[in-house]
Structures are given as structure tokens and as C-alpha cells.
Amino acid sequence: MILSIIFSVLSLFLFFYQLFTITKGGRFYLTGIFQILAGLCVMSAASIYTVRHTEWHIYNSDYSYGFAYILAWVAFPLALLSGFIYVILRKRD
């Protein structure tokens, strides 16, 4: 999860850098790649967290997933979606 935060912050700074340096009609490839990497890091962290906690797999368990865990699974597709949008996005004047 820390790696995904680092990739997201790098993506933000790269976006601002590319916003002022690329020519009109250029695409934000590097920003999109870092955002997609952040989404994949969120997915892998949530998957590893799920596998490590086997007490959640019992049917009649008193354990719950919690808000942060559910938020991580919601953040995964949103980060991937924003990464793909960055790749498609073109700079306008």
C-alpha cells in the first residue's frame, strides 16, 4: 500500500510536469503508467491481506473485513480507470 501511495504521488507530480512541458496533442503516457502501477499495487496488497487472514474464510465467523479493506478494493478499479484515462487523455491548449 505504501508503494501505491508513492506511485500515486509520483503520478500527480508527473502530471503537473507533463502538463507544462508536452506539446499540444501529446498524451500523458508516463502519468498513466504510474497510476496503473499504483492500482496494481493496491490490488496485490489487498489480495495478500486477504490470503494472510484465514479466519475470515470461515462461514460463521465473528470477523468482518472492515472499512479500510473494502475501501482498498474500491480504490483498485478507480486507480486503474484513472490510469487508463490518463493514457487516453490528450493535452489541449
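Student: What should I know about the model and its numbering?

Tutor: Residues are numbered from 1 along each chain as its sequence is written, and side-chain values use heavy atoms, with hydrogens and water left out. The model is predicted: local features need pLDDT of at least 70, side-chain atom pairs count only at pLDDT 80 or more, and totals for chains, interfaces and linings use all residues.

Student: How are two packed helices described?

Tutor: By the angle between their axes and the distance between the axes. Helix 2 (residues 29–52) and helix 3 (residues 67–88) pack at about 160 degrees, their axes 8 Å apart. Helix 2 is therefore roughly antiparallel to helix 3 (angles over 145 degrees count as such). Helices are DSSP runs of H or I, at least four residues.

Student: Which residue classes make up the contact of helix 2 with helix 3?

Tutor: That contact has 17 nonpolar, 8 polar and no charged residues. Asp, Glu, Lys and Arg count as charged; Ala, Val, Leu, Ile, Met, Phe, Trp, Tyr, Cys and Pro as nonpolar; the others, Gly among them, as polar.

Student: Is Ser11 buried or exposed?

Tutor: Buried means under 20% relative accessible area, with a 1.4 Å probe and protein chains only. Ser11, in helix 1 (residues 2–21), counts as buried because its relative accessibility is 1%.

Student: What does Ser11 touch?

Tutor: Contact means heavy atoms within 4.5 Å. Leaving out residues up to four places away in sequence, Ser11 touches Thr31, Phe34, Gln35 and Tyr86.

Student: And Ser4?

Tutor: Ser4 also lies in helix 1 and counts as buried, at 5% relative accessibility.

Methods:
Axes fitted to C-alpha atoms, helices over the stretch in contact; angles between N-to-C directions. Helix = DSSP H or I, 4+ residues; strand = E, 2+ residues; numbered from the N terminus. Parallel < 35°, antiparallel > 145°, perpendicular 65-115°, else oblique. Buried < 20%, exposed > 50% of the residue type's maximum accessible area, 1.4 Å probe, protein only.
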